[in-house]
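Here is a short report on selected local features of one protein model. Please keep the sequence and the 3D view open while reading.

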Amino acid sequence: MSLPAIPANFDGSFKAVAKFTPAVRKPVEPVGRYFLAHATRTLRGHTWSEYEKIEAEKNVQNVEEGEKEEEFDTNQDQELLDHDPRDWKTADLYAVLGLQKWRYKSDEALIRKAHRAQVLTHHPDKKGEKGGLDEDGFFKIIQKAYETLLDPTKKKQFDSVDEEADVLPPSTKSTYDFIEAWGPVFASEARFSTKKPVPSLGTMESTKEEVENFYKFWNNFDSWRTFEWLDEDVPDDTSNRDHKRYIEKKNNNARKKRKVEDNKRISELVKRASNEDPRIKKFKEEEKAEKAKKKWEKEAGARQAAEEAKAKAEAEAKAKAEAEAAAKADKETSKKAKEAAKSAKKKNKRNIRNAVKDTNYFGDADKTTIIDADIEALITAFDDVQLDSVANKVSGADAATAKGTFSEVAKELLSAGKISSLKYFN
C-alpha cells in the first residue's frame, strides 16, 4: 500500500486537537529468569526435578564435540555420591562440580564448564546407559551446586564458610621454613579482605618497613566474611510471624557470635606469626647489636680486643665448618666406595653363575644340582681378588675354558684347605 498524497492546501503546520490524558496506575507483572522459570514449570506442569533435568540437557548440548574435560574431577568419592540431596547445603559444592583445585577462584565460565562435565558423567540418563541405578540424588546436588556458585551472592556466602579452602598454620612443635609455611596461610585468609591489594608475607630479604607494614595491615584486618550460609532456614509460613522473627533474630545473633570468634582467630593467628617471624627477631637482634656497638665504641680501649676476638671466633667457626665438611665428604666417599665394591662383588657372583648356565653346565646338564652346589661352595671360598679374577676369565668363555678355570681354582682352594671337598670339581 502507498500513502495518500498530501492535500494541496496543507501549509506544513500542526495543532493539538486534544489534551494529554491524565496519568493512571497500571499493575506491572514480574519478569526475569526466575519468574520465567517458574512460569515455564507452571505452564508445562513440570516438577522441580523434571525442570532441572531439562535445563541440564540443554546445557549439555552446548558442549563442543571432542571438548576436553580432564581438568575437572568427575570421579567423586562414594560418600559424596551417597549424600542426601535434601541436605545438599552440607555438601562440598566445589567437590560436587570437580572444582577442588580452584574453589573460591572459580569464575562463571569455569563453573559452567565444570557443570557440563559433571552432567555428562552423572546425568541419570547417562547412568542408565551404563547400566547404573536410576538414582538422581547426586544429580540434584549438582544442580544445586551449579545454581549456588553461579549466583555471586550465594557463592560469596558459601566461600565464607568453605573450610576446605583454609590453609592451617604449622604445628607449634614442628620445625619449618617460616615463609613457606606461613605464606599460604595468609594468602588463604586474604580472600576475606575488604581492602585490596593485600600485602604478601614477603621473603627473608624483606626490609623492616615492609614487614612492619604487613603486620600493620593484618592487625587492622577488615574481613567481609559473613556466615549466612549456616543460618537456620526461616519458615515461609507468614501465619506465625513471631516464630519467623525468632528464627531471624537467632540467625543474626549466631552470625555476630561467629564473626567475633573469627576476628579473634585472625588476631591470634597474626600474633603467633609475628612472635615466630625470624625477620622480626633478626631486626630486634640488629637493633640490640647496634646499641651494643655504639656503647662499645665509646670504650675505645676495648674495641680492638673485641674485634680480634670476633675475628678469632669467625676463623674458628670457619675452620670447624671446613673440617666438618671435609669429614662429611670423606665419609660419603668411603660409603660410595663400599657400595661400589659390594655392587661389583654381587656382579662377579652373578657372572660366575651365569657362565655355568650359559655353557649348559659344561655339557653335563644332568648334573645341574651337583655343579650348582660346587659353584656356590667356590664362590663362598673366594676372596675378593679371586672372585674378580675368576669372573673375568669365565665371562663369555666356552664350556671347556670355563670348566678348566673352575677346576684349576678348585684345586688351589682344596690345597690351601679353604674348602674340604667338592663333588664335581675334584
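Helix H11 (residues 241–276) gives the largest share of the lining of the second largest pocket, 3 residues. Helices here are DSSP runs (H or I, at least four residues), numbered from the N terminus. The lining of this pocket counts 18 residues. Val161, Asp162, Glu163, Glu164 and Leu230 lie nearest the pocket's centre. By class, the lining holds 11 charged, 6 nonpolar and 1 polar residues. Asp, Glu, Lys and Arg count as charged; Ala, Val, Leu, Ile, Met, Phe, Trp, Tyr, Cys and Pro as nonpolar; the others, Gly among them, as polar. The pocket volume is about 440 Å³. A pocket is an open set of points on a 1 Å grid over the protein atoms alone, where a 1.4 Å probe fits, with protein on both sides within 12 Å along at least five of seven lines; lining residues have an atom within 4 Å of a point. The volume is the space filled by probe spheres set on the points, which are joined across faces, edges and corners.

The model is predicted: local features need pLDDT of at least 70, side-chain atom pairs count only at pLDDT 80 or more, and totals for chains, interfaces and linings use all residues. Residues are numbered from 1 along each chain as its sequence is written, and side-chain values use heavy atoms, with hydrogens and water left out.

Next, a helix pair. The axes of H7 (residues 137–150) and H8 (residues 152–160) come within 5 Å and cross at roughly 105°. Axes are lines fitted to C-alpha atoms over the stretch in contact, with angles from 0 to 180 degrees between N-to-C directions. H7 and H8 are therefore roughly perpendicular (65 to 115 degrees). H7 brings Thr148, Leu149 and Leu150 to the contact, and H8 brings Pro152, Lys154, Lys155 and Phe158. Contact means heavy atoms within 4.5 Å. These residues divide into 4 nonpolar, 2 charged and 1 polar.

Now the backbone. Two residues other than glycine have a positive phi, as listed below.

| Residue | Phi | Relative accessibility |
|---|---|---|
| Arg103 | near 45° | 7% |
| Asn360 | near 55° | 48% |

Arg103 sits in the loop between H4 (93–96) and H5 (108–122). Asn360 lies in the loop between H13 (300–358) and H14 (368–381). Is each buried or exposed? Arg103 counts as buried, whereas Asn360 is partly exposed. Buried means under 20% relative accessible area, exposed over 50%, and partly exposed in between (1.4 Å probe, protein chains only).

Pro197 is in the loop between H9 (178–189) and H10 (208–219).

Technical notes. Helices (H or I, at least four residues) and strands (E, at least two) are DSSP runs, numbered from the N terminus. Angles under 35 degrees count as roughly parallel, over 145 as roughly antiparallel, 65 to 115 as roughly perpendicular and the rest as oblique.
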